[in-house]
Amino acid sequence: MKWIRIPVMAAVAALTLTAGMTDAAGWTSSAPASEPRAAAPMDHTGSQGAEVVIPAGQARTAIAPCPAGREPSGGGGVRSGKGLFLTGSSPRGNAWEVKFSNKSAVERRGSAFVVCTAQSHTRVADTPLTVPAHQQSVSSFLRCPGSQVPAGGGWEATGTDVVGLRFSASTQSYHAVVFNNSNAVQSFNAVALCSTVAHEPRLGNQITVQPGDEGVATANCDPGQVASGGGSFPSGQAFIGASRALPNGTGWQITAENTTGTPQKVTAEAICTSS
């Protein structure tokens with residue numbers, strides 16, 4: 001595995017973050033103004049990147065940048081409807097990059113989501129693993145260097161049909177599991193952002209997603225904490241369509257879609273910090 005220090009790129013200062021509503025703590029959301037919010041207490045701000053149109057049967061990439069002087073601690077993506085899946089979600093320079101694959105019969109829209117902070121992180125990437133066609137991968141497992149702990153993470157893949165199943169953190173490790181939905185061998189690797197500041201994972205309540213349906217699973221941080229990143233912990237094959245922080249920044253939510261013929265269970269995970 002490689003340990004890479006993420007640079008802060010001043011060039012992104014000119015980029016405009018997505019339209020949406022920003023609360024006093026800097027969290028951007030498309031939620032209605034009447035929705036109550038508690039201010040995120042720590043120096044982590046979330047925002048949604050520019051919306052990308054994904055035609056039926058095609059794949060596209062979306063980016064959410066951090067402003068100058070700040071860098072990603074975690075991220076994910078947001079989708080407009082069923083049949084659109086995350087096939088990659090990882091830090092890219094001073095931004096968060098997601099790849100979407102539209103398996104529906106209609107046009108969909110998707111956006112990247114990033115949590116930005118002034119704290120510095122170490123990027124850790126695993127050696128790529130191969131995944132046979134139409135099979136689930138073995139776990140791509142990372143350990144943060146020294147006494148560092150995961151703040152967020154995701155995965156990178158060679159193809160546009162390597163769909164996210166599980167990406168989660170433990171006390172000092174991070175790992176990812178994907179499903180290769182293509183007809184050819186693909187490769188993927190987990191990517192983690194590690195911090196010297198204390199972070200801890202928090203699991204939410206398990207939900208059941210019925211065949212053909214989608215479900216939203218949520219994990220909340222403890223009082224006085226904010227989410228720096230998050231992930232998903234399924235017990236079966238429920239593909240990830242969206243992954244983002246809650247509008248107030250104090251937890252994480254996952255949208256999972258069940259394309260199998262049997263009920264599937266999913267649990268969201270928030271990576272929380274009070275620093």
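Start by selecting Phe 167. Leaving out residues up to four places away in sequence, Phe 167 touches Gly 153, Trp 155, Tyr 174, His 175, Ala 176, Gly 230, Gly 231, Ser 232, Ile 240, Ser 243, Ile 254 and Glu 269 (contact means heavy atoms within 4.5 Å).

A quick word on what you're looking at: this is a predicted model, where local features need pLDDT of at least 70, side-chain atom pairs count only at pLDDT 80 or more, and totals for chains, interfaces and linings use all residues. Residues are numbered from 1 along each chain as its sequence is written, and side-chain values use heavy atoms, with hydrogens and water left out.

Together with Phe 167, they touch the most other members of the largest nonpolar core, which has 49 residues. Such a core is a set of buried Ala, Val, Leu, Ile, Met, Phe, Trp, Tyr and Cys residues joined through side-chain atoms within 4.5 Å; buried means under 20% relative accessible area, with a 1.4 Å probe and protein chains only. A second, separate core has six residues, including Phe 85, Val 163, Val 177 and Phe 239.

All seven of its seven residues are buried, so S21 is largely enclosed by the rest of the structure. Show residues 268–273 too: this is strand S25, antiparallel to S21 and joined to it by six bridges.

Last stop: Ser 140, in strand S13 (residues 140–143). Ser 140 counts as buried, at 0% relative accessibility. Its side chain reaches the backbone nitrogen of Ala 190 at 3.0 Å.

Technical notes: Buried means under 20% relative accessible area, exposed over 50%, partly exposed in between (1.4 Å probe, protein chains only). Helices (H or I, at least four residues) and strands (E, at least two) are DSSP runs, numbered from the N terminus. Two strands pair if DSSP finds at least two bridges between them. A polar contact is a pair of N or O atoms within 3.5 Å; within protein, one must be able to donate a hydrogen and the other to accept it, and residues adjacent in sequence count only if both atoms are side-chain atoms.
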